[in-house]
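This briefing goes through one structure by topic, from the overall fold to its sheet, ring pairs and cavities. Please keep the sequence and the model in view while reading.

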Amino acid sequence: MGNQTVVSEFLLLGLPIGPDQQDLFYALFLAMYVTTVLGNLLIMFLIRLDPHLHTPMYLFLSNLSFSDLCFSSVTMPKLLQDMQSHISSISYAGCLTQMYFFLLFADLESFLLVAMAYDRYVAICFPLHYTTVMSPRLCLFLVVLSWVLTIFISLLHTLLMARLSFCADNIISHFFCDMSALLKLACSDIQINETMIFILGGLVIIVPFLLIFSSYARIVSSILKVRSARGIRKAFSTCGSHLSVVSLFYGTIIGLYLCPSANNSTIKETVMAVMYTVVTPMLNPFIYSLRNSDINGALRRIFSKWTISFFSTSDFKD
């Protein structure tokens with residue numbers, strides 16, 4: 001313990017790419033981040049303005065878009081700044097803050113995906129009871145419960161991390177303050193941290209993952225009973241795209257945190273982290289909304305309303 005010291009900052013190694021590829025990847029990640037921001041802002045904007053979208057499904061979807069926007073913003077601006085300035089240091093307090101908000105919005109997305117899957121399950125399997133089951137009170141309760149649970153869980157992980165001591169080695173082999181990467185640098189006993197990751201990971205990752213797949217399995221089973229070729233194609237198209245994003249999100253997280261392998265290289269872990277921190281928030285607007293007829297209809301209505309208002313104002317001035 002002679003080399004133990006008070007760590008005031010950490011150094012992020014960033015992405016494992018060569019200097020000659022920095023500009024290319026910078027442009028790529030900047031484009032992906034801008035797409036994520038604009039796509040999720042558009043969804044929140046449409047749901048807020050169009051009364052036709054004031055339904056339980058779109059209440060969950062607006063919260064999911066907000067979560068995706070914040071989730072990507074926790075890591076991407078810092079990554080882009082480091083790639084441009086080549087200064088990859090982050091303070092101790094800043095590192096814990098980034099870890100807290102990263103866990104907060106990652107866990108929130110997990111719970112919201114469960115709520116959305118349950119909403120679709122009730123809407124398709126029990127359409128006559130949908131308005132009774134998915135009451136405004138229940139929807140609000142599910143959203144508030146998701147926020148409360150994620151705030152508590154992320155705060156608990158952050159406080160457990162703050163109690164650890166760190167040695168002189170302050171180099172994080174990642175592009176953000178990842179919890180598992182920080183635990184590798186700790187000099188203190190991390191058994192409590194690992195236990196809580198395993199227990200809470202089951203609550204936040206495994207249980208939602210199983211509930212989502214169970215909901216979609218029941219949806220597919222219910223639609224197959226209708227014996228409609230069009231309905232079957234629509235069901236598999238919708239459920240397949242949703243499940244592909246869910247599998248990408250949960251699969252990479254489970255592989256990184258709950259089933260880590262000693263053979264995982266830094267490059268492999270970084271690529272897996274990019275998949276759920278960058279790619280998934282960018283894909284969600286397209287998968288859940290922009291292919292949705294309700295969202296497209298709302299976009300046309302608002303655009304038409306603005307167009308009519310603009311020309312009416314121009315004619316009045318003339």
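Helices (H or I, at least four residues) and strands (E, at least two) are taken here as DSSP runs and numbered from the N terminus. Read in that way, the protein follows the pattern β-α-α-β-α-α-α-β-α-α-α-α-α along its sequence, with 10 helices and three strands in total. The model is predicted, so that local features need pLDDT of at least 70 and side-chain atom pairs count only at pLDDT 80 or more, while totals for chains, interfaces and linings use all residues. Residues are numbered from 1 along each chain as its sequence is written, and side-chain values use heavy atoms, with hydrogens and water left out.

**Burial and annotated regions**

- Of the 318 residues in the protein, 47% are buried, where buried means under 20% relative accessible area, exposed over 50% and partly exposed in between, with a 1.4 Å probe and protein chains only.
- An unreviewed UniProt entry places the feature "transmembrane region" at residues 24-46, 58-79, 99-118, 138-160, 195-214, 235-258 and 270-290; UniProt positions are given in the numbering used here, feature names are shortened, and annotations may be inferred rather than shown by experiment.
- Residues 24-46 are 100% helix and 0% strand, and their end C-alpha atoms lie 33 Å apart.
- Residues 99-118 are likewise 100% helix and 0% strand, with 29 Å between the end C-alpha atoms.

**The sheet**

- Three strands make up an open sheet in the order β2-β1-β3 with mixed pairing, two strands being paired if DSSP finds at least two bridges between them.
- The edge strands, each of which pairs on one side only, are β2 (89-91) and β3 (171-172).
- Strands β1 and β2 run antiparallel and are joined by three bridges, and within this pairing Glu9 stands opposite Ser91 in β2.
- Strand β1 (residues 9-12) runs parallel to β3, to which two bridges join it; here Leu11 stands opposite Ile171, and Leu12 stands opposite Ile172.
- In a regular strand the side chains alternate between the two faces of the sheet.

**Aromatic pairs**

- Rings of Phe, Tyr and Trp (its six-membered ring) are taken to pair if their centres lie within 6.5 Å, with planes under 30 degrees apart counted as stacked, over 60 as edge-to-face and the rest as tilted; by this rule the count comes to 19 aromatic pairs.
- One of these pairs, Phe105 with Trp147, is edge-to-face, at 6.4 Å centre to centre and with 90 degrees between the planes.
- This pair links distant parts of the chain, 42 residues apart, since Phe105 lies in helix α3 (residues 92-125) and Trp147 in helix α5 (residues 136-162).
- Phe105 counts as buried because its relative accessibility is 7%, whereas Trp147, at 22%, counts as partly exposed.
- The pair of Tyr118 and Tyr121 is tilted, because the ring centres are 6.4 Å apart and the planes stand at 40 degrees.
- Both of these tyrosines, Tyr118 and Tyr121, lie in helix α3, three residues apart, which is about one turn of the helix.
- Tyr118 has 32% relative accessibility and therefore counts as partly exposed, while Tyr121, at 17%, counts as buried.
- Ring pairs also link Phe66, Tyr100, Phe101, Phe105 and Trp147 into a cluster.

**The loop at Ser135**

- Ser135 lies in the loop between α4 (130-133) and α5, and Ser135 is partly exposed because its relative accessible area is 22%.
- Although Ser135 and Thr55 are 80 residues apart along the chain, their C-alpha atoms are separated by 9.7 Å.

**Cavities**

- The structure holds two cavities of 30 Å³ or more, a cavity being a set of points, on a 1 Å grid over the protein atoms alone, where a 1.4 Å probe fits but cannot get out, and lining residues being those with an atom within 4 Å of a point.
- The second largest cavity has a volume of about 40 Å³, where grid points are joined across faces, edges and corners and a volume is the space filled by probe spheres set on the points.
- The lining of the second largest cavity includes Met57, Leu113, Arg120, His242 and Tyr288.
- Elements giving two or more residues to this lining are α3, α7 (191-224) and α8 (229-258), and the largest share, four residues, comes from α3.

Key: 1 Å grid on protein atoms, 1.4 Å probe; cavity = no way out; pocket = protein on both sides within 12 Å on 5 of 7 lines; lining within 4 Å.
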